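I opened this notebook to record what I looked up in the structure, entry by entry.

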Amino acid sequence: MTQSLFELEQKTDFIRRHIGPGEEDLRALLAVVGAESLDDLIEQTVPAAIRRPGPLGIGASMTEVEALAKLKGYAAQNKVAKSYIGMGYHDTHVPHVILRNVLENPGWYTAYTPYQPELAQGRLEALLNFQQLTLDLTGMDLASASLLDEATAAAEAMALAKRMAKSKSNLFFVADDVHPQVIDVVKERAVHFGFDVAVGPAAQACAEEVFGALFQYPTTTGEVKDLRVLIAAVQAQKGLACVSADLLSLLLLKSPGELGADVVLGSAQRFGVPMGYGGPHAAFFATRDAYKRSMPGRIIGVSKDARGKAALRMAMQTREQHIRREKANSNICTAQVLLANMASFYAVYHGPVGLKTIASRVHRLTTILALGLKAKGVALKHASWFDTLTVLTTGKSELIAKAEGLGINLRADLDGAVGVSLSETTTRGDVAELFELFLGTGHGLDIEALDQAAQAHHAIPQDLLRTDAVLTHEVFNKYHSETEMLRYIHRLEAKDLALNYAMISLGSCTMKLNATAEMIPVTWPEFGKLHPFAPLAQAKGYQLLLADLENWLVKVTGYDAVCMQPNSGAQGEYAGLLAIKKYHESRGEGHRDICLIPASAHGTNPASAQMAGLRVIVTACDKSGNVDLDDLRAKAAEAGDQLSCLMVTYPSTHGVYEETIKEVCDIVHQHGGQVYLDGANMNAQVGLTAPGFIGADVSHLNLHKTFAIPHGGGGPGMGPIGVKKHLAPFVAGHAVVKTDKESRNNGAVSAAPFGSASILPISWMYIAMLGDEGLKKSTQVAILNANYLAKKLGESFPVLYSGRNGRVAHECILDIRPLKEASGISEMDVAKRLMDYGFHAPTMSFPVAGTLMVEPTESESKRELDRFVEAMTSIRAEIAKVQDGQWSLTDNPLVHAPHTQDDVMDAEWSRGYSRAEAVFPSEAVRAAKLWPSVNRIDDVYGDRNLFCSCIPTEDYAK
């Protein structure tokens with residue numbers, strides 16, 4: 001045997017597991033594209049001037065076993081205490097049927113945002129359930145399908161209030177009993193919108209002239225207030241009243257809608273989603289029907305398909321950033337779909353009776369605790385409560401220390417008091433333990449006796465008790481056994497296409513492998529059960545993980561520092577622009593407010609710039625799709641000392657390594673501006689080049705693209721930013737958790753200090769298991785796979801843009817426009833027909849209308865690439881039949897796609913093509929068919945007849 005011991009140890013085994021093509025396939029792929037090796041291909045493709053010398057410096061790859069063992073060691077250094085901190089984060093029981101079959105199931109976590117709804121009816125139904133849950137509990141007219149977190153949802157509510165209020169005021173009022181992290185994010189957002197913010201006692205809202213106000217219900221310290229007078233006072237001034245509510249409490253409390261609120265928001269975390277040291281969690285957002293055109297985020301609506309059958313889709317997409325750009329309601333791109341679906345399944349599983357029982361138990365135990373403490377002379381701040389008590393004390397420091405010694409965390413940021421928030425996981429034994437903490441042993445209190453007293457005690461004012469029925473729709477009342485719930489989850493999953501079925505070649509989305517080993521740590525309790533505001537000493541494992549990630553990402557990006565707070569790519573853009581803005585202000589150049597953005601940019605760029613208070617000026621692209629240097633020079637010169645920055649994507653959104661990118665950066669710097677390099681296409685940079693090496697000053701990194709966090713059907717994501725040294729003091733800080741970084745006193749952009757921390761182990765595992773060699777090779781193979789598809793598909797569909805030597809980067813754009821002109825078949829028809837071949841369509845009409853952008857990633861094998869080539873080539877042959885008249889433009893399998901089982905079962909078949917041609921267009925499909933559950937959906941009907949809540953189950957079958 002000639003193999004060395006090192007080879008037998010398989011230290012680099014994960015690299016071949018992650019990268020789709022084996023060595024034999026790599027040779028075949030290289031032969032097709034005309035390159036001798038991967039290095040040769042890179043020399044032909046990536047400009048020499050930006051190629052980085054030497055390895056990344058991360059080190060050798062670890063095996064799956066080694067990486068998991070090291071991360072388990074980190075996790076063991078986290079101290080999981082019983083958390084009574086509250087402040088919008090509560091421990092919860094994740095039902096095991098949801099844990100195993102949703103959170104840990106690639107059929108749910110590897111799907112993409114449902115832009116192709118015919119293959120996404122399952123998660124769309126779960127999201128519609130989430131909207132119905134939100135509507136019922138908030139008492140509002142219209143709900144969205146989730147936002148990023150409670151704090152950013154509050155900031156979105158402020159923006160909606162400004163858009164819709166008839167008040168001419170520029171003042172937004174925030175009650176001082178709103179959660180402090182929410183106040184922090186709202187104040188930071190308001191600064192850059194140019195709004196004034198007043199924070200004070202809630203009653204002060206009656207005396208202020210405002211365009212909107214934000215109240216907490218119940219308050220951050222636990223009081224259950226009647227908000228009706230305050231809401232009416234704000235509305236009397238022609239402002240909008242926004243309420244941040246606790247979702248579980250609304251099973252017992254009057255809905256904010258009934259109190260008169262205009263906007264209701266909050267976190268759905270305690271509906272079966274772990275705290276996870278801050279996230280990810282789904283925020284809910286609901287408002288009046290009159291404000292629907294100004295709502296942020298995604299909304300799921302009911303439409304109909306080509307057969308008249310009820311079908312779901314994302315409604316009113318013309319509000320979104322990818323269409324309206326700087327005029328969009330929000331820069332939101334990624335939501336929190338996976339977590340919203342978990343919360344909706346939690347509500348379906350427990351039903352209204354089960355949820356009310358949980359809420360009643362939490363409230364009863366809180367009342368027992370309150371009555372016991374009061375009986376022994378302990379003073380409480382409030383006479384009303386749902387689940388939170390503010391306990392007054394003169395020995396706060398000693399009490400906090402005693403509690404931590406017992407493995408208990410109390411809220412510690414209140415003057416002369418501690419907070420105690422109970423949760424679904426709290427037991428009578430826990431209450432007994434809390435009595436001993438506050439009173440010592442021998443206190444003589446009896447839980448059963450206190451329970452009798454609690455049943456007669458009214459801790460919630462009688463006129464604030466909920467009296468209306470909620471969650472009456474049948475979906476919340478029929479799946480309460482685990483057998484039924486399991487089958488319901490599976491039925492929905494079976495309607496959707498995810499990476500566990502086929503390649504998803506969405507350009508600019510990087511749908512690569514989310515390896516099982518990467519996902520395993522996400523559900524470790526050492527990571528999942530930590531409160532984001534737990535003492536830093538209890539989160540040493542997280543601090544080690546964060547330090548590793550920050551160090552690795554610095555090496556990958558060529559920057560000097562990383563901020564991990566932004567919890568989506570769009571949030572990262574926003575945070576990076578704020579760092580630039582604050583940098584200019586620190587130098588006495590706050591007047592720099594012009595942001596240059598190429599015409600090809602993703603819609604989040606101008607939307608984020610607008611949110612940061614910058615003026616957007618679009619620069620032209622030349623006929624090759626590159627930044628037009630002459631136009632850039634002219635507009636940079638014209639902006640002069642008002643130039644703030646340029647936002648540019650590299651490789652470009654056209655899928656090309658632009659040769660002039662360093663010159664682009666130089667032009668902006670010559671005029672005193674900063675360069676924001678969008679990290680959306682980092683999968684074509686890692687190990688080969690880097691934003692910092694190219695000359696950029698700041699970038700966000702889509703960890704849910706390049707670094708293997710799954711897309712979850714439309715979230716979660718993470719968008720940390722890398723910055724050069726001069727920008728490091730200006731990244732986000734946090735009002736509650738103070739680190740030792742120089743940015744610690746800056747305003748926050750997300751609710752939690754480290755964003756969606758519980759999914760960071762995924763990216764840690766990804767980098768650790770690939771190491772220097774695997775990270776670089778992943779990028780090389782991503783480029784190889786894209787050039788292979790460009791070569792093979794270019795014979796049938798023109799590749800719109802290419803760079804040096806006719807190469808593309810990690811994605812390519814197929815131009816459908818000539819075919820549409822010649823045949824009448826559109827890019828939409830091609831996208832829908834791909835479903836019949838078992839594929840999700842590439843990105844449609846972005847960045848160029850009438851095109852398809854294809855990104856295969858490094859994880860797809862040659863076999864899967866060839867299956868896709870076969871499908872696209874076959875579709876091209878079908879288009880030819882329309883062109884030459886064999887099929888009419890109105891009767892062919894493309895315009896009728898996708899085809900369903902209902903089509904096949906029609907008693908009469910009068911179409912000009914066979915049933916077999918409709919549903920089994922290739923041998924691969926015959927072997928494994930994923931049936932679309934609906935026919936092509938009518939988007940126009942859905943928007944003209946907007947309906948965004950649950951429909952009767954039988955309507956789905958009609």
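This is a predicted model: local features need pLDDT of at least 70, side-chain atom pairs count only at pLDDT 80 or more; totals for chains, interfaces and linings use all residues.

Entry 1, a helix. I then listed the buried residues of α30, among them L865, F868, E878 and V882. Just after α30, I found G885 with a positive phi of about 90°.

Which residue forms a salt bridge with E878? It is R833, the closest N and O atoms being 2.8 Å apart. The pair links distant parts of the chain, since E878 lies in α30 and R833 in helix α29 (residues 827-836), 45 residues apart. E878 is buried at a relative accessible area of 7%, and R833 is buried at 0%.

I noted that the structure holds 50 salt bridges. R100 forms one with E104, with the closest N and O atoms 3.2 Å apart. Here R100 is exposed, with a relative accessible area of 57%, whereas E104 is partly exposed at 31%. I also recorded a network of salt bridges that links R307, D903, D906 and R911.

I examined strand β18 (residues 674-678), where 5 of 5 residues are buried. Q674, Y676 and D678 point one way, and V675 and L677 the other way. β18 pairs with strand β17 (residues 643-649) in the parallel sense over 5 bridges, and M647 stands opposite Y676. With helix α25 (residues 661-670), β17 and β18 make a right-handed β-α-β unit.

Terms used: Residues are numbered from 1 along each chain as its sequence is written. Side-chain values use heavy atoms; hydrogens and water are left out. Buried means under 20% relative accessible area, exposed over 50%, partly exposed in between (1.4 Å probe, protein chains only). Helices (H or I, at least four residues) and strands (E, at least two) are DSSP runs, numbered from the N terminus. Two strands pair if DSSP finds at least two bridges between them. A crossover is right-handed if, with the strands pointing away from the viewer, the path from the first strand over the helix to the second runs clockwise. A salt bridge is a side-chain nitrogen of Lys or Arg within 4 Å of a carboxyl oxygen of Asp or Glu.
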